[in-house]
Amino acid sequence: MLGVFAASRLFFMSVGALAVWLLPQAEPAGDPLGPPGLLSYWARWDGAWYSEIAAEGYGERAPQSTAFFPLYPLLLRVGISAGLGPAVWGVALSLAFTLLALYFVYRISERLYGLRAARAATLCLAFFPTAFFLNAVYTEALFLALSAGSLWAGLVRRDLLLAGLLGALAAATRNLGVLLALPLLFEWWRCRRELGPRSLAGVALVPAGLLGYMAFLWARFGDPLLFAGQQSYWGRALTAPSVTARMAWEAAAEGAGYLLQPSALFLDTSPTPALAASNALNAIFLVLLLALLGAAIAVLPPGLSAYTLLGAALPLLTPSPSFPLMSLPRFMLGLFPLFLVLGVLLSRSRTALLAWLAASATAGAALTAMFVTWRWVA
């Protein structure tokens, strides 16, 4: 597992450094612009928001900034207070949490499906096309470590109190963390005689992270649900899945041509080609997601299936008019049970696993190059 961690992180870090050196920077299409200094190219887009919140708090860009949950900015602030640059400290945090995430995913998969599936699942996660976000100043690594750690504590260590504590921290990282209560509750019910009624208190801890953030918002801004309405800043709104599908198809058809124009994607300094191409890319990932969700129902335990299905529903139910499946490839990275499914499926054939990893790493290199040069990916 340490070898997979080292190889994958070195791969994405090297690609990012080469891209910054060789490719022109695109014009940023939004704000804030992110921190200056070493490794600043790993703090693009949402990384810029997290860096600014860590340095200046929520007030500077409130209420939109409240869409970003507090745990990661708090951890960033620790490094900033010690005199470290937010990008350097943010990358260090992400790398540390990535190592933990890979360990937890490996142990869960090993417990459920055996050694070969665990190795395949870890490889698939580490080299997923959007796994470069595990290097970035983003919550992906932290949320993966906490969510997978919560389920590891419940399924492998049989410690629902620890599982609930980690779940609460995950819920303070992203609102989807509260969904961890579902697989933990299912595990308690399945093994309630072994675990005992007191262990149910651990499951009840999971919403505490979200409730704590709501209490802060109430005290600071007078509205505990302020974060809930801020997705409208990015154009997101609750929409019927059929409407989302139609919007996604139309947007993908318009942007598909850019996928066949590498010069426009990597050399044009306008943000338009990458933004348009992202809709076609999102449609490709949607097909993959739906296939894995179908397999998840057969492969995963019911609690993990429910967690994965509900976690995948959010980007499908809250599209943006211009980018109906915005950030879907990145959201998939945060749903670690999908990689348990991939591990089971690909562990059956070494050839299939190697082919998947080659294609995944190639796509990951291209997306990394786009991200670090201010081109929109997810």
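1. Basis. The model is predicted: local features need pLDDT of at least 70, side-chain atom pairs count only at pLDDT 80 or more, and totals for chains, interfaces and linings use all residues. Residues are numbered from 1 along each chain as its sequence is written, and side-chain values use heavy atoms, with hydrogens and water left out.

2. Largest pocket. Its space is about 1200 Å³. Lining it are 44 residues, of which Q231, W234, R236, M326 and F331 are the closest to the centre. A pocket here is an open set of points on a 1 Å grid over the protein atoms alone, where a 1.4 Å probe fits and protein lies on both sides within 12 Å along at least five of seven lines; lining residues have an atom within 4 Å of a point. Volume is the space filled by probe spheres set on the points, which are joined across faces, edges and corners.

3. Its lining. Elements giving two or more residues are α2 (46-56), α15 (302-317) and α16 (328-334). Helix α15 gives the most, with five residues. Helices are DSSP runs (H or I, at least four residues), numbered from the N terminus. By class, the lining has 29 nonpolar, 10 polar and five charged residues. Nonpolar covers Ala, Val, Leu, Ile, Met, Phe, Trp, Tyr, Cys and Pro; charged covers Asp, Glu, Lys and Arg; the others, Gly among them, are polar.

4. Second largest pocket. The volume is about 380 Å³. Of its 21 lining residues, P129, L281, F285, A363 and L367 are the closest to the centre. Helices α13 (262-267), α14 (272-299) and α18 (350-372) each give two or more residues. The lining has 19 nonpolar, two polar and no charged residues.

5. Salt bridges: E140 and R174. The count comes to nine salt bridges, each a side-chain nitrogen of Lys or Arg within 4 Å of a carboxyl oxygen of Asp or Glu. E140 pairs with R174, with the closest N and O atoms 2.0 Å apart. The two lie 34 residues apart: E140 is in helix α6 (140-155), and R174 is in the loop between α7 (160-171) and α8 (181-190). E140 counts as buried because its relative accessibility is 1%. R174 is buried too, at 13%. The cut-offs are under 20% relative accessible area for buried and over 50% for exposed, with partly exposed in between (1.4 Å probe, protein chains only).

6. Salt bridges: E187. R158 and E187 meet at 2.4 Å, N to O. R158 sits in the loop between α6 and α7, and E187 in helix α8, 29 residues apart. Both are buried. R190 also bridges to E187, at 2.8 Å. R190 and E187 are separated by about one helical turn, because they are three residues apart in helix α8. Their exposure contrasts: R190 is exposed at 53%, whereas E187 is buried at 4%. Elsewhere, salt bridges that share partners join D46, E140, R174 and R330 into one network.

7. A121 lies in helix α5 (115-126). A121 is buried, at 0% relative accessibility. L342 is 221 residues away from A121 in sequence, yet the C-alpha atoms are 6.1 Å apart.

8. Surface patch. M1, L2 and Y103 make a nonpolar patch of about 270 Å². L2 is in helix α1 (2-22). L2 is exposed, with a relative accessible area of 58%. Patch residues have over 30% relative accessible area and no salt bridge; like charges are joined within 9 Å, and nonpolar side chains (Val, Leu, Ile, Met, Phe, Trp, Tyr) within 5 Å. Areas come from the Shrake-Rupley method with a 1.4 Å probe; for residues, only the protein chains shown count as cover.
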